[in-house]
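Biologist: I have a structure open here and would like to go through it with you. Can we start with a side chain on the surface?

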Amino acid sequence: MQGAGQENGFGTYLKKALNEVNNLQLESDVATKKLAAGEKIELHEVMIASQKASVSMQAALEIRNKAVEAYQEIMRMQV
């Protein structure tokens, strides 16, 4: 059996992926606030940051949905 402190485990990968989604969301928020405050930032940069955050969130939700479906399927199996 593998140890819980394994560096390349699924939990570590999942944590890194969720942190990346969070970072993209934060970058989008900063860019939007800069645009709203009239700071020097191009509209296309704000839109790109927003779309990156949106796509990453949608992908994370789809992965979560598939993981829940797989768990439910396993729970329905007869032993």
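Modeller: Let's start with lysine 66, which counts as exposed at 53% relative accessibility. Exposed means over 50% relative accessible area, buried means under 20%, and partly exposed is in between, with a 1.4 Å probe and protein chains only. This is a predicted model, where local features need pLDDT of at least 70, side-chain atom pairs count only at pLDDT 80 or more, and totals for chains, interfaces and linings use all residues. Residues are numbered from 1 along each chain as its sequence is written, and side-chain values use heavy atoms, with hydrogens and water left out.

Biologist: What does lysine 66 form a salt bridge with?

Modeller: With glutamate 69, and the closest N and O atoms are 4.0 Å apart. A salt bridge here is a side-chain nitrogen of Lys or Arg within 4 Å of a carboxyl oxygen of Asp or Glu. Glutamate 69 is partly exposed, at 44% relative accessibility.

Biologist: How many residues apart are lysine 66 and glutamate 69 in the helix?

Modeller: They are 3 residues apart in helix α2, so about one helical turn separates them. Helices (H or I, at least four residues) and strands (E, at least two) are DSSP runs, numbered from the N terminus.

Biologist: How many salt bridges does the rule give?

Modeller: The count is 2. Glutamate 73 also forms a salt bridge, with arginine 76, and there the closest N and O atoms are 2.7 Å apart. Both of these residues lie in helix α2, 3 residues apart, which is about one turn of the helix.

Biologist: And are glutamate 73 and arginine 76 exposed or partly exposed?

Modeller: Glutamate 73 is partly exposed at 41% relative accessibility, while arginine 76 is exposed at 54%.

Biologist: Changing topic, how much space lies in the largest pocket?

Modeller: About 340 Å³. On a 1 Å grid over the protein atoms alone, a cavity is a set of points where a 1.4 Å probe fits but cannot get out, and a pocket is an open set with protein on both sides within 12 Å along at least five of seven lines; lining residues have an atom within 4 Å of a point. Grid points are joined across faces, edges and corners, and the volume is the space filled by probe spheres set on the points.

Biologist: Which residues lie nearest the centre of the largest pocket?

Modeller: Leu14, Leu18, Ala60, Ile63 and Arg64, out of 13 lining residues. The elements that give two or more residues to this lining are α1 (10-36) and α2 (43-76). The most come from α2, with 7 residues.

Biologist: Leucine 18 lies in which helix?

Modeller: In α1. Leucine 18 is partly exposed, with a relative accessible area of 48%. Leu18 also forms a nonpolar patch on the surface with Phe10, Tyr13 and Leu14, and together they have about 480 Å² of accessible area. Patches are made of residues with over 30% relative accessible area and no salt bridge, joining like charges within 9 Å and nonpolar side chains (Val, Leu, Ile, Met, Phe, Trp, Tyr) within 5 Å. Accessible areas come from the Shrake-Rupley method with a 1.4 Å probe; for residues, only the protein chains shown count as cover.
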